Amino acid sequence: MASSSGEKPYRIYRGGRTKGKVPSLGRPEKPPPRARTERDGRSNYRGPGPKATARRPRRIRWSREIAIALVLIIVFFIVWAALGYLTFRGGVSEANKRLPVAAQRALAPDQGSLMSNPTSILLLGTDHSLAASRAGDRHSDSITLLHTDPTRGRLYYLSIPRDLRVEIPGYGAAKINTAFQVGGPRLAARAVSTYTDIPVNHLVVVNFGEFRDLIDKIGGIDVVVPGRILSKFDCPYGTEARCARWPGWRFAPGKQHLNGSRALIYSRVRKNLLNPSESDITRGERNQQVLQALMGKLAGFDTFMRMPWIGGDLMKPLATDLSANQFVALGWAKFRAHHTLHCRLGGTSTGGDITPSEDNAKVILMVLGKSAPQPPAPTGDTYPPGCIS
């Protein structure tokens, strides 16, 4: 009999029908969890659609990483060099102001860039004696003419003895260092140019009092001392009794690392008690040695890394007409030079003066590249002129 709602009181199953209420089915028991190692084909099923592939381990692209690192390093050095150059340019600008305008007008113009054309630079070291009696003197104790020859890849250092007797324009015959005392750097440049017949294109005046501080700022310099030195030249004490007990300046032979004070003393030693043959000519050679060591240190990597901090201080001992770009060009010419020659003028000692040797003209031709360099020849001169590597 059907119910009033029209629903049948039974359901049909395969096994027949059952009267009355249909019994409810209980919840099926969950099967025990399977071990993760079991795979029945359904555990990794991700549904319809393209199947995900297994992710491969990321491979480091070393070429890309190295390229990025190189670019960052290059950018760093460019920025660092720019900062150092700006600091250095400020110091050069101050050094240009310290050179009198009259001295700049006396210089011969360049024939082109210092990178590719020869130029001559007169280096004057002002008097730096420690003795109080000479504190007010205006002597050029060191006179060196630096001649560059980029086409041959050579640098020439021509040392001129300060006691060499020459004709000073407008003054007469006298020691060549008298030119700086009576007419400053302008007359000194004219005297050197007149005697050597080499046009002086640029001028650098070095104040050796501050030169000492410059060497300390760059960490000192290395020089090779050819032999033992003992000298009591320029006693640093004020009384004769104290100077008599003072043992003197001493330098051992071989490679030596010198701070500013020691480098200054080394370049000044004129009389060596252990080698009486040494003289003012020998001191000129030591001056060249110190200047070359300084130039090499200034062009070094360590100085480059410290340039943003010390760039302005590098020029404090100098008065010059060289611009910052010309200093850079000069450094490049030195870097490219594969041969450095040390030359000197000489003559015969006549008391306090040195009468020029006739062979000085030959040395000047060597410096200009018009003659093969020759070492000092054994002549009758007290100080024979010549060139050595």
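Colleague: Which residues of α1 meet α9?

Modeller: In this predicted model, Tyr-85, Phe-88, Arg-89 and Val-92 of α1 meet Ala-324, Asn-325, Phe-327 and Val-328 of α9. The residues of this contact divide into six nonpolar, one polar and one charged.

Colleague: And at roughly what angle do the axes of those helices cross?

Modeller: The axes of α1 (residues 62-98) and α9 (residues 324-336) cross at roughly 115 degrees and come within 9 Å. That makes α1 roughly perpendicular to α9.

Colleague: Changing topic: how many disulfides does the structure hold?

Modeller: There are two disulfides. One joins Cys-235 to Cys-243, with an S to S distance of 2.0 Å, and the other joins Cys-343 to Cys-387 at 2.1 Å. In sequence order, the bonded cysteines pair 1-2, 3-4.

Colleague: Is the link of Cys-235 and Cys-243 left-handed or right-handed?

Modeller: The link of Cys-235 and Cys-243 is left-handed, with -95 degrees about the S-S bond. The link of Cys-343 and Cys-387 is right-handed, at 110 degrees. Cys-343 lies in strand β14 (residues 339-344) and Cys-387 in strand β17, so this pair ties together parts 44 residues apart in sequence.

Colleague: Are Cys-343 and Cys-387 buried or exposed?

Modeller: Both Cys-343 and Cys-387 are buried. Cys-235 is also buried, with a relative accessible area of 17%, and Cys-243 counts as buried because its relative accessibility is 17%, under the 20% cut-off.

Colleague: Lastly, where is Ala-372 found?

Modeller: Ala-372 is in the loop between α10 (360-367) and β17 (386-388). Ala-372 is partly exposed, at 47% relative accessible area.

How values were computed: Residues are numbered from 1 along each chain as its sequence is written. This is a predicted model: local features need pLDDT of at least 70, side-chain atom pairs count only at pLDDT 80 or more; totals for chains, interfaces and linings use all residues. Side-chain values use heavy atoms; hydrogens and water are left out. Helices (H or I, at least four residues) and strands (E, at least two) are DSSP runs, numbered from the N terminus. Buried means under 20% relative accessible area, exposed over 50%, partly exposed in between (1.4 Å probe, protein chains only). Axes are lines fitted to C-alpha atoms, for helices over the stretch in contact, and angles run from 0 to 180 degrees between N-to-C directions. Angles under 35 degrees count as roughly parallel, over 145 as roughly antiparallel, 65 to 115 as roughly perpendicular and the rest as oblique. Contact means heavy atoms within 4.5 Å. Ala, Val, Leu, Ile, Met, Phe, Trp, Tyr, Cys and Pro count as nonpolar, Asp, Glu, Lys and Arg as charged, and the others, Gly among them, as polar. A disulfide is a pair of cysteine sulfur atoms within 2.5 Å.
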